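My notes are below, in the order I took them.

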Amino acid sequence: SAAEKGGWSSFMAKEISEEPEAVANTILGRVVDGQAVLPELEGLDGMLAGIDRVIVIACGTASYSGLVGKYAIEKWARVPVEVELSHEFRYREPVLNERTLVVSISQSGETMDTLMAVKYAIANGARTLSICNTQGATIARESDAVVYTHAGPEVAVASTKAFVAQITALYLFGLHLARVRGTLDAETSAHQLAELQGIPAKIEQVLGNGEEITQLAKWMSDSRAVLFLGRHVGYPIALEGALKLKELAYIHAEGFAAGELKHGPIALIEPGQPVFVIVPSPRDPNSLHAKVVSNIQEIRARGARILAIAEEGDVAVLPFADEVIRIPLAAPLFEPLLTVIPLQLFAMELATAKGLDVDQPRNLAKSVTVE
Ligand code: AGP
């Protein structure tokens, strides 16, 4: 009903507006003296110090949060992290033992593919942790431990606030793990947490520029195919931007790792092809910014229409971009929590411009409880 949507045109619009809160609530009570402390993992320090591998299992949007989490967990906790789709995981006889931590990520906590994968992991001797948004869900109950995302109920089929809450929970987990394993000094860890705590206000800023995305979506409502490019943590965001557009606007969309362009996808570029490019910060210590700007030049020369998502003050993209969507400055690992917002808004607004139901896209269910 209109009342349940709290004045918003859709649950999706309402849930996007709740993203700052979703991140803040997921952090709440989990920072003690500048360190990440997940009370729900109390008593598990020995296990966490002893694992030699993390395997993240999830489907769809939840799997992309896992891909983002991989960059942070490996960097901070120095433990190898694999991310796998739940339905692929359990049919390939993965190598598991008591030193493997299988982290499942699920908004609903009822996704059959993920539940079966968790059961498989338990039966084969792995330890299990669930990152879940729904209190008391089946996957949470099956797992050794659960870290809840506190995004609040998500009604729209397309996941938005749960996604940013999942990344937040994974980052808290990564810092908790790093503390237990002694791989990160307290000062660096406190610095990362301060960055995380600054994210809700920055998401608020991105949401404040929503009107330009609405305009862009209207102009682009007859697009036949849209490509998304990203690198490092921007890569999973490219995948998520493409998934959102497929789900909501029924437009063919693909996300690519920018470095992969010349290995194939660049053949797709023809005059007028819209390409969203998630541009890493020019302050990135890996200097990926210059590489992505050079990708932009390559595809622009072949006629691509560039829609750049770039940090405030990044002027290097200006000569090559048809549109620049600005995000506030953040440390590189935290950019996904900001760059995903315009892509969610874009998919929602484009679907709206096409007259589609953004809360209930065709052929999809909120929770996939069958295999
Ligand atoms: C997200 O927009 C999708 N509808 C879908 O990919 C979803 O994220 C996936 O089915 C996983 O659901 P879960 O988080 O409830 O397990």
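These entries go from the ligand to the strands and then to the core.

**Ground rules.** I am working with a predicted model, where local features need pLDDT of at least 70, side-chain atom pairs count only at pLDDT 80 or more, and totals for chains, interfaces and linings use all residues. Residues are numbered from 1 along each chain as its sequence is written.

**Ligand shell.** How many residues surround the ligand? I found 16, and the closest are G60, T61, S106, S108 and T111. By class, I noted 6 nonpolar, 9 polar and 1 charged residues in the shell. (Nonpolar means Ala, Val, Leu, Ile, Met, Phe, Trp, Tyr, Cys and Pro; charged means Asp, Glu, Lys and Arg; the others, Gly among them, are polar.) Helix α4 (residues 60-77) supplies the largest share of that shell, 3 residues.

**S65.** I stayed with helix α4, where S65 lies. Is S65 buried or exposed? S65 counts as buried because it has 31 C-beta neighbours inside 10 Å. The cut-offs: buried is 20 or more other C-beta atoms within 10 Å of the residue's own, exposed is 12 or fewer, partly exposed is in between, and C-beta atoms are placed from the backbone. Leaving out residues up to four places away in sequence, S65 touches I105, F163, Q166, I167 and L170. Contact means that the C-beta atoms, placed from the backbone, lie within 7 Å. From S65 to L170 I get 8.1 Å, C-alpha to C-alpha, although they are 105 residues apart in sequence.

**Strand β5.** For strand β5 (residues 100-106), 7 of its 7 residues are buried. T100, V102, S104 and S106 point one way, while L101, V103 and I105 point the other way. A reminder to myself: side chains in a regular strand alternate between the two faces of the sheet. β5 runs parallel to strand β3 (residues 53-58), joined by 5 bridges, and V54 stands opposite L101. (Strands pair if DSSP finds at least two bridges between them.) On β6 (residues 127-132) I count 6 bridges to β5, again parallel, with V102 opposite T128. The chain gets from β5 to β6 through helix α6 (residues 112-123), in a right-handed β-α-β crossover. Right-handed means that, with the strands pointing away from the viewer, the path from the first strand over the helix to the second runs clockwise.

**Strand β11.** In strand β11 (residues 305-311), 6 of its 7 residues are buried. Strand β10 (residues 274-278) runs parallel to β11 over 5 bridges, and P274 has R305 as its bridge partner. β10, helix α12 (residues 288-300) and β11 form a right-handed β-α-β unit. Strand β12 (residues 323-327) is also parallel to β11, with 5 bridges, and A308 stands opposite V324.

**Core.** Which residues touch the most other members of the largest nonpolar core? I got V277 and A308, in a core of 128 residues. Helix α8 (residues 161-181) gives the most to this core, 14 residues. Such a core is a set of buried Ala, Val, Leu, Ile, Met, Phe, Trp, Tyr and Cys residues joined through C-beta atoms within 7 Å. Beyond four places in sequence, V277 touches L229, V292, I296, I306 and A308.

Note on methods. A residue is near a molecule or strand if its C-beta atom, placed from the backbone, lies within 6 Å of it. Helices (H or I, at least four residues) and strands (E, at least two) are DSSP runs, numbered from the N terminus. Two residues are in contact if their C-beta atoms, placed from the backbone, lie within 7 Å.
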